[in-house]
Amino acid sequence: MKLKNLALRKGNDFRPTFFAFPYVAICFIFVVLPLILVLVYAFRDTDGSFTLNNFRDVLTAGNLKLLLKTVGIALLTTVICLLIAYPTALILASKPFNKYVILALLFIIPMWMNFVLRIIALRSLLGIFGIDYGFGATIIGMVYDFLPFMLLPIYTVLMDMDKSYIEASTDLGANSVITFFKVTLPLSLKGIVSGITMVFMPVFSAYAITGMLGDTDTTIIGGKIHELFVNADVWGIGSAMSFVLLILVFATMFIGNLFGKREAGAKAAVKGGTNE
Amino acid sequence: MNKKLWLVLRWVFLAVVLISIYLPIMLIIVYSFSSERNIGSDSGFGDFTFSLYGRLFQNDLLMEATLNTLGIGLASALLATFIGTFTAVGLYYMRKGKKAVNLVSQVTVVNAEIVTAVGFLLLSIFLRDVIQIPIEKGVLWLIITHTVLTTPYVILTVSPRLNQLNPNLYEAGLDLGARPMRTLFTVIMPQLIGGMVSGFALAFTLSLDDFVVTNLNKGTSGVNTISTYVYDNLKRNLDPAIRALSTIIFVIVLVVLIVFNIIKNKKAKAEQSASKPLGK
Amino acid sequence: MREQRVIDKIIDVKNVTKVFDDTTVIDELSLYIRRGQFVTLLGPSGCGKTTLLRMIAGFVAPTEGKIYVEGQDVTTIPPYKRPVNTVFQKYALFPHLNVFNNVAYGLKLKKILSGEKTNRKGEKVPVFRKFTKEEIANKVNRALKLVGLEDYGHRDVNSLSGGQQQRVAIARALVCEPKVLLLDEPLGALDLKMRKEMQIELTKMHKELGITFIYVTHDQEEALTMSDVVVVLNDGLIQQIGTPKQVYDEPANAFVADFIGESNIISGIMIKDFSVKFLDTVFVCEDKGFAKNEQVDLVIRPEDITVLPEDSDKGQLTGTVLSAVFKGTWYEMEITANGYEFTVQSTIEAKVGQKVKLSIEPDGIHIMKKLRTVNEFVGEVSGENTVDFCGGTFEISTDLERGTPVKVFVPFDAVELTDDEEDGEIGGNVARSLYKGRYYQVQVYTDTDEDFYIDTSDEWDIDDRVGIKLDKSKLRLEVIVEETEEENQAEDGGDEA
């Protein structure tokens, strides 16, 4: 790219927008084009003609059950994560715990360790406790992996919250239970939504965890798609299933947006959180 | 309720959660010094030994996977840091189209990872068979995909720092005779160093942690990262040296995070005292 | 340009227009600047002065028109190749470099002619080299000395005070030896005392260095004290170009008179040459060449009014003192006479409530052409007896066909403002309110960004949301005939600078 020719053209101000051009090109090739390819393969027969057969094969009773089961695992993981993370965050953000930032850091340090290694470690522990691989172990593994992603956004919101609201509420005579439900919980909703979006959808792809801790009955849609592609003959069906998942992603994004502006940077905020 | 009891209860709750989080890791660390092949086997802990650490360096496939992980992580994080910083600067000055670029870059962040992985796989086939670019799935392809995957996070980390800059800084560089590229490197980037380091660290850990994209794009020539190596060897007999590797990684993470936080605190304090101008 | 005489124009701006997102910030502006002058671009915020400066610097490209530096067309030349340097309002020092390296930044990039060599084809080609370290150190130290920061080279720029940072910024720009130094409200962020000091120093530097300064400010006092030439801008148009004395003593229009200095602006009628009538009184003046009974604006500076005892036989007006404040060397008084509240500066104090005579000499009255005497809008006949303009539909009896483009003339007194936006036919915001003697001239801009001028007896607060109601019987329509529009508007072409 010849930068000097991009300088002052008539009516064009000297704003260095061209620094973003390489990435715009990357976006087209590596973000937009792959999605188009998924779409093309989903609607293409093995001989190259248009077909809806792939979707017929995806929308079988077996696959729908698989999808429902994945949604179930994702929901259960999200709820358990929330039930553990919220009280933890609440305590960490309250006196006297809010003085020790290092304490909060302890809760999220494992996040920087490779998750497969962490799940292997968990696997050994479950073995000692005599817990068999299967549904229960899968859920424990999912919660173990995703808990920090639920904890940090909630913790951040609670720490940033203006404590005077709570004081104002107690001053007005509300007891602490009422204060929690009327003030703290609504104000921390943004963190909750952020945490949910960072747990719910990623579970769909977390087939490594089901593979390490589950049995044949705990296959999730991410694992199924992987299998369909490793077995090269059914790429069409795999793409169609990816397409269905894509629609689900946009649907959850839409629902997430209804609950307030979702921060796309949540994950960056979580992992980069202590760097900020 | 009794205030003291309430405090104790909250400590207990935190302790229980913390123990649950660290118990598996501690178990692995302890057993990395064990002579036993299996954790919790009937024979107990066995002897205290460093043999697993020695064994780790003799497992060529695992060492190769570790080097791959580090190499892919470093290369993609470096690329992502530069592309992401360039892009953040470009987007900062962009009026039209800024929203569109941000939206597309966010697709990578919010999309289900398996769909992204499938997209990359199809793209590699498309590039090879249709465009006839000789792309083979393997290390190079993994570096490219990981770069694409992590660049949006760098943009998100660097952008907020740009907003704090003096809006005329870039113009001042040009005004004094520096070309755009030179101005970017000598004027703008020195101000963004903090964001770039954070962005790099983030991109690096995301790359290290990746499994789904890597597993579908590593090709069939036996290229592995730590994640895929462990996963593939699970069904066969997994080398217990993995416990030594886990321990090393955990210690590195711990040290890096503590050092990072100490530096950050020092910097914050230094900035506080520097923000008071000395006057005339 | 009319004459062929050679004028040393260092900067020549020709018919430049700048449109940002459908808003015209600079409107067909022409202006040239002579070598070595200290020129100030003066105007309220949003008048386009900074945009004009940034176009000369090269950060902003004109939508239309050309800019020349020393006769060379630089319109498409990027900033790093222009022989001008800028001092920014918020300094824009490089925070990671110390004072010395900030100043040296531009020098390190500069290439200078070091001789000639003969290439293979036998042609002579110039050879360039960079400054040596010593040369750079010498130049930087000289520049730092010039701004009074000799021993500050090693200092961190963040540890300097605002005034010191601004000096570094000036040194950084001057060390590059620009042909023109551009200063964008450079003293805006400093406190008053510092500002005064820097004003004096800048004027001194300009005299010593002899290079051209273009200085942007909204502070009229700064402009008047420092410049050789003041260019008054408003709404992207040049209102007046002149020496500080000219723009103060002979403002070209009511805007300039109001913006620069304190003034009494009154509406009047030219009865004949050298004779103007205002506040029901005929005055002798020094102006001529107006049409008989032409409506004019006139400005009387507070110091040009002499206060006399009530029984004096001199003085044209009799008034009552409303207030008197001692301002150090003079008294500033509000005196009402014939329904106008005069602001008067006098060394003689008059008591509040006292009756006085006011005397105005002919040379104290400055007559200005009225900018316009009627609002003019372009609209379209939208139905039977309705016309659309300014984003509203108005009932006006007309037999023109639907869709006919028309000019609508709305006299100043045909407009009524309402407190409640709902009561008006369209809404708008008050932009200016100017007391003209017995009435206020209020400028309101509509949501379609058109200006209404209204004569009203009430004062309106700036930025207030108001409704606009029109007296239909006073409106006049004129069919627009497709024709190329008149090319020149009087206030566009700034010829003499």
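Domain bounds here come from an automatic or database domain assignment. This is a predicted model: local features need pLDDT of at least 70, side-chain atom pairs count only at pLDDT 80 or more, and totals for chains, interfaces and linings use all residues. Residues are numbered from 1 along each chain as its sequence is written, while chains are lettered from A and ligands numbered from 1 in the order in which they are written.

**Stop 1: chain C, domains**

Select chain C. The assignment gives domain 1 (9–103 + 135–249), domain 2 (263–369) and domain 3 (374–479). Colour domain 1 and domain 2 of chain C. Their C-alpha centres lie 38 Å apart.

**Stop 2**

Helices (H or I, at least four residues) and strands (E, at least two) are DSSP runs, numbered from the N terminus. Two strands pair if DSSP finds at least two bridges between them.

Show the open sheet E25-E24-E23-E26-E32 of chain C. It has 5 strands with antiparallel pairing. Strand E25 (392–395) and strand E32 (476–479) of chain C each have a single partner strand, so one side of each is left without a neighbour in the sheet. The twist averages 40° from one strand to the next. Axes are lines fitted to C-alpha atoms, for helices over the stretch in contact, and angles run from 0 to 180 degrees between N-to-C directions.

Now pick E23 (residues 374–383) and E26 (residues 405–411) of chain C. They pair in the antiparallel sense over 7 bridges. Find C:Val374; C:Pro411 in E26(C) stands opposite.

Next, show E27-E31-E28-E29-E30 of chain C. This open sheet of 5 strands is also antiparallel in its pairing. Strand E27 (415–418) and strand E30 (451–456) of chain C are the edge strands, each pairing on one side only. Direction ignored, neighbouring strands of this sheet are turned by 45° against each other on average. Zoom in on E29 (residues 440–446) of chain C, which pairs with E30(C) over 6 antiparallel bridges. C:Gln443 has C:Tyr453 in E30(C) as its bridge partner.

**Stop 3: chain A, inside**

Select chain A. It is divided into domain 1 (19–51) and domain 2 (68–165 + 192–275). Between these domains of chain A, 6 residues of domain 1 are in contact with 6 residues of domain 2. Contact means C-beta atoms, placed from the backbone, within 7 Å.

Pick helix H5 (residues 115–129) and helix H6 (residues 135–160) of chain A. Their axes come within 10 Å and cross at roughly 135°. H5(A) and H6(A) are therefore oblique to each other. Angles under 35 degrees count as roughly parallel, over 145 as roughly antiparallel, 65 to 115 as roughly perpendicular and the rest as oblique. Show side chains: A:Phe115 and A:Leu122 are among the H5(A) residues that meet H6(A), where the partners include A:Ile140 and A:Tyr144.

**Stop 4: chain A against chain B**

Show both chains. Here 76 residues of chain B are in contact with 72 residues of chain A. Helix H1 (residues 3–31) of chain B gives the largest share of the chain B side, 11 residues.

Finish on helix H11 (residues 221–230) of chain A and helix H5 (residues 113–130) of chain B. They pack at an angle of about 15°, with axes 10 Å apart. That angle makes H11(A) roughly parallel to H5(B). From H11(A), A:Gly222, A:Ile225, A:His226 and A:Phe229 meet B:Ile114, B:Val118 and B:Leu121 in H5(B).

Conventions. Contact = placed C-beta atoms within 7 Å.
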